[in-house]
Amino acid sequence: MFDRRKFLLGSTAAALSGCKIFDSAGRSDSHLRALFASHEGLTRSAQRALIGDALAPEFSEADIRQGQRPNGSTDPVDASYRQMAQSAFRDYRLTVTGLVETPQTLSLADLTTLPSRTQITRHDCVEGWSCIAKWQGVPLGTVLTLAKPKLTARYAVFHCFDAIERSLSGEVFYYESIDLIDAYHPQTILAYAMNGAPLPVANGAPLRLRVERQLGYKMAKYVHTIELTDSLATLGFGKGSYWADRGYERYAGI
Ligand SMILES: Nc1nc2c(c(=O)[nH]1)N[C@H]1C(S)=C(S)[C@@H](COP(=O)(O)O)O[C@H]1N2
Ligand SMILES: [Mo]
């Protein structure tokens with residue numbers, strides 16, 4: 001079977017800084033990964049039929065062999081973001097809005113007061129590298145439960161502080177989305193800490209999504225708003241994700 005990831009090895013090796021192409025601690029499920037890699041068009045329902053709502057593999061502290069390689073945006077230039085970053089995100093607020101009964105505005109203190117989950121998982125970027133890191137955060141389901149999704153809500157959309165694209169026609173801020181099944185998955189968390197320290201700016205401070213079992217680009221960094229919607233048609237070009245709108249699959253399962 002053609003191994004797309006081995007193929008990527010040659011082109012990305014030079015760009016790697018600290019992360020192995022594929023961390024060998026994750027080899028146990030490599031047959032599954034190879035299967036999905038070879039089925040780019042596999043639908044969400046087909047993937048669920050295969051792996052169900054199983055948990056992504058979790059690792060031990062000893063498996064963390066390098067820092068999480070920062071990728072994509074690493075230092076948002078948005079003025080309000082920079083100002084917040086200078087005061088340890090004291091003025092940061094997460095907004096939960098859209099198809100909810102009780103919209104929420106939560107500070108970092110509010111979020112860290114809620115029960116947290118810690119998980120050591122492997123991050124797989126579509127570019128062909130992996131990192132194992134420890135993530136701590138509040139389960140997204142907990143935050144959604146506070147906001148009480150309406151029965152019509154189907155997706156959680158994540159709006160981010162970083163303009164990933166700047167051109168004469170304007171700025172495009174990073175966006176992502178997941179359906180509510182993934183949103184309530186126990187390993188789906190809004191992470192504020194990484195490897196035992198507050199989340200660094202390069203990795204999405206103060207709050208980034210972890211939606212394990214999916215590819216790196218789903219893990220929206222610099223999240224300021226979660227919007228519940230019944231459709232993705234009006235978001236970007238309609239595929240629910242900055243990168244999916246530019247050619248990658250929306251349901252980026254591994
Ligand atoms: N807001 C935002 N989120 C983002 C990105 C980005 O550019 N902006 N890049 C994505 C990609 S492609 C990857 S692999 C991961 C990288 O996360 P890291 O910097 O913590 O390794 O973030 C994802 N989430
Ligand atoms: Mo990525």
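**Exercise 1. Surface and burial**

Find the accessible surface of the chain and the share of carbon and sulfur atoms in it.

*Solution.* The accessible surface is about 11,700 Å². Carbon and sulfur atoms hold 56% of that surface. The areas come from the Shrake-Rupley method with a 1.4 Å probe, and for residues only the protein chains shown count as cover. Next, burial: 49% of the 254 residues count as buried. Buried means under 20% relative accessible area, exposed over 50%, and partly exposed in between (1.4 Å probe, protein chains only).

Ground rules for the exercises: the model is predicted, local features need pLDDT of at least 70, side-chain atom pairs count only at pLDDT 80 or more, and totals for chains, interfaces and linings use all residues. Residues are numbered from 1 along each chain as its sequence is written, chains are lettered from A and ligands numbered from 1 in the order in which they are written, and side-chain values use heavy atoms, with hydrogens and water left out.

**Exercise 2. Fold inventory**

State how many helices and strands the chain has, then the percentage of contacts that join residues at least 24 apart.

*Solution.* Count the elements: 7 helices and 10 strands. Helices (H or I, at least four residues) and strands (E, at least two) are DSSP runs, numbered from the N terminus. Then take the contacts between residues at least 6 apart in sequence: 72% of them join residues at least 24 apart. Contact means heavy atoms within 4.5 Å.

**Exercise 3. The largest pocket**

Describe the largest pocket by its volume and its lining.

*Solution.* Start with the space: about 390 Å³. A pocket is found on a 1 Å grid over the protein atoms alone, as an open set of points where a 1.4 Å probe fits, with protein on both sides within 12 Å along at least five of seven lines. Lining residues have an atom within 4 Å of a point. Grid points are joined across faces, edges and corners, and the volume is the space filled by probe spheres set on the points.

Now the lining. It has 25 residues, and Asn 71, Gly 72, Tyr 174, Gly 216 and Tyr 217 lie nearest the pocket centre. The elements that give two or more residues are β3 (117-125) and β5 (155-167). β5 gives the most, with 3 residues.

**Exercise 4. One face of a helix**

Which residues of helix α6 are buried, and how wide is the arc within which they fall?

*Solution.* Helix α6 spans residues 140-147. Its buried residues are Leu 140, Gly 141, Val 143, Leu 144 and Ala 147. Seen down the axis of α6, they fall within an arc of 160°, so they line one face of the helix. The arc is that of the directions from the helix axis to the C-beta atoms. An α-helix has 3.6 residues a turn, so residues three or four places apart point the same way. After α6 comes Lys 148, with a positive phi near 55°.

**Exercise 5. Backbone checks**

Where is the cis peptide bond, and what is the phi of Asn 195 and of Arg 213?

*Solution.* The cis bond joins Ala 205 and Pro 206, with omega about 0°. Pro 206 lies in the loop between β8 (197-198) and β9. Asn 195 has a positive phi of about 50°. Asn 195 sits between β7 (188-194) and β8 and is partly exposed at 30%. Arg 213 has a positive phi of about 80°. Arg 213 lies in the loop between β9 and β10 (223-229) and is buried at 11%.
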